[in-house]
Amino acid sequence: MTIEESQQNIIDQFADIDDWMDRYACIIDMGNELAPISDELKTPDRLIEGCQSRVWLDAEKNGDGTLTFKADSDAIIVKGIISMLVDVLSGHTPDEILNADLHFINDIGLTEHLSPTRSNGLLAMVKQMRAYAAALR
């Protein structure tokens with residue numbers, strides 16, 4: 001599945017949810033579906049700087065040149081947000097990740113419903129995922 005198709009799947013999930021409390025519940029559900037990472041990966045060097053909550057992110061390069069991201073957070077909404085990013089970007093090459101227009105964040109209205117500190121955290125998550133992609137090219 002392409003990055004665009006993954007984004008469209010998320011957009012479709014939110015299409016019929018008008019109420020933002022229900023949208024938050026959906027985001028929380030997505031976070032609950034995120035595979036837990038091992039405690040060995042919850043190290044200071046994997047913490048994303050700029051997030052109000054603690055968010056750990058790890059990436060590994062697969063034999064086919066694609067990346068797999070693993071993440072976790074101690075905040076339920078943030079865990080849902082990082083799970084969406086992991087779903088959209090895992091399984092793609094570094095160049096695909098670096099060139100991706102992650103429009104789904106705006107398309108589902110997430111940016112306008114986050115506090116300024118959470119918005120900064122979201123940008124920090126995307127920036128760190130792209131930094132991993134650049135480093136693992």
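Let's start with one side chain: is Asp72 buried or exposed? Asp72 counts as buried, at 8% relative accessibility, where buried is under 20% relative accessible area, exposed is over 50% and partly exposed is in between, using a 1.4 Å probe and protein chains only.

Before I go on, this is a predicted model: local features need pLDDT of at least 70, side-chain atom pairs count only at pLDDT 80 or more, and totals for chains, interfaces and linings use all residues. Residues are numbered from 1 along each chain as its sequence is written, and side-chain values use heavy atoms, with hydrogens and water left out.

So who does Asp72 pair with? Its side chain meets Lys42 in a salt bridge at 3.0 Å, N to O; the term means a Lys or Arg side-chain nitrogen within 4 Å of an Asp or Glu carboxyl oxygen. Lys42 sits in the loop between α2 and β1 and Asp72 in strand β2, so the pair ties together parts 30 residues apart in sequence.

The whole structure has five salt bridges. Another one joins Asp58 and Arg46, at 2.9 Å, N to O.

Now the core, meaning buried Ala, Val, Leu, Ile, Met, Phe, Trp, Tyr and Cys joined through side-chain atoms within 4.5 Å. The largest has 44 residues, and Phe69, Ile82, Met84, Leu85 and Leu102 touch the most other members. Helix α3 gives the most to this core, nine residues.

How values were computed: Helix = DSSP H or I, 4+ residues; strand = E, 2+ residues; numbered from the N terminus.
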